[in-house]
Amino acid sequence: MAAERMADKGGEPGQVPPARPLDSVDRAILRILQTDGRASIRAVAERVHVSRANAYARINRLVEDGVIRGFSARVNHERAGQGASAYITLKIVQNSWRTVREELQALPGATHIALVSGDFDVLLLVHTPDNRALRELVLTKIQAIPEVLSTRTLLVFEETDPGPHPDRPTELG
C-alpha cells in the first residue's frame, strides 16, 4: 500500500519517502501518545492547543510517514502466563539476516529482534510460559534454522519496563 502511495506521488514503488521534519506540536503529540496510546484525538488536541481536525491530520501524517509504527499495550508477561524471559544471542551466516529475521518473527513469544554489531549478530527477546518451553524454543526451533550458526541464552531474572514518563526528558523534547 505504501508502495502504491509512492507510485501515485511519482516515486518508485518500495521506495521510502524522505522523513518530513517534526515541529514542536508533532513532538508533543508523540510524547502524549507514547505515554497514553489510547488518548483521544480531543484530549491530544486540547493538550497541544490545536483543533481536533489539526490533531487528527497530524496523527494521520505521523502514521503515514512511518514515524508512528503502531499502537500497542505494554504487557506484564508474567501475569499473562509468560513467566520465563530470555535474551538469545545468535551468530548467523553472513548475508542471511532477512531470511533469519522472517523465521524469528514467526516464533511464538518473540517480542524484539535486532541486528547488532559485536560478538554476535542478532539479539532476540523471547517470553515463554516456563523454562521447558524456552528450552524447546531454543533447541528445536531456533537452532533448527539452517542459517543460525550458534546461540547463547541469557535468562532474565527480573524486568523493569520504565515506560514513557511525561516528566522525563526524551529525544523528542
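User: Which element supplies the largest share of the lining of the largest pocket?
Analyst: In this predicted model, local features need pLDDT of at least 70 and side-chain atom pairs count only at pLDDT 80 or more, while totals for chains, interfaces and linings use all residues. Residues are numbered from 1 along each chain as its sequence is written, and side-chain values use heavy atoms, with hydrogens and water left out. Helices (DSSP runs of H or I, at least four residues) and strands (runs of E, at least two) are numbered from the N terminus. At least two lining residues come from each of α2 (24–35), β1 (84–92), β2 (110–115) and β3, and the largest share, 4 residues, comes from α2.

User: How many nonpolar, polar and charged residues are in the lining of the largest pocket?
Analyst: A pocket is an open set of points on a 1 Å grid over the protein atoms alone, where a 1.4 Å probe fits, with protein on both sides within 12 Å along at least five of seven lines; lining residues have an atom within 4 Å of a point. The lining comprises 37 residues, and Ser-72, Ala-73, Arg-74, Val-75 and Asp-161 lie nearest the centre of the pocket. Ala, Val, Leu, Ile, Met, Phe, Trp, Tyr, Cys and Pro count as nonpolar, Asp, Glu, Lys and Arg as charged, and the others, Gly among them, as polar. By class, the lining has 14 nonpolar, 15 polar and 8 charged residues.

User: In which sense do β2 and β3 pair, and over how many bridges?
Analyst: Two strands pair if DSSP finds at least two bridges between them. The pairing of β2 and β3 is antiparallel, over 5 bridges.

User: Why does Thr-128 count as buried?
Analyst: Thr-128 belongs to strand β3 (residues 122–128). Buried means under 20% relative accessible area, exposed over 50% and partly exposed in between (1.4 Å probe, protein chains only). Thr-128 counts as buried because its relative accessibility is 4%.

User: Which backbone oxygen does the side chain of Thr-128 reach?
Analyst: With contact meaning heavy atoms within 4.5 Å, Thr-128 touches residues including Gly-81, Ala-84 and Leu-137, when residues up to four places away in sequence are not counted. At 3.0 Å, the side chain of Thr-128 reaches the backbone oxygen of Asp-130.

Note on methods. A polar contact is a pair of N or O atoms within 3.5 Å; within protein, one must be able to donate a hydrogen and the other to accept it, and residues adjacent in sequence count only if both atoms are side-chain atoms.
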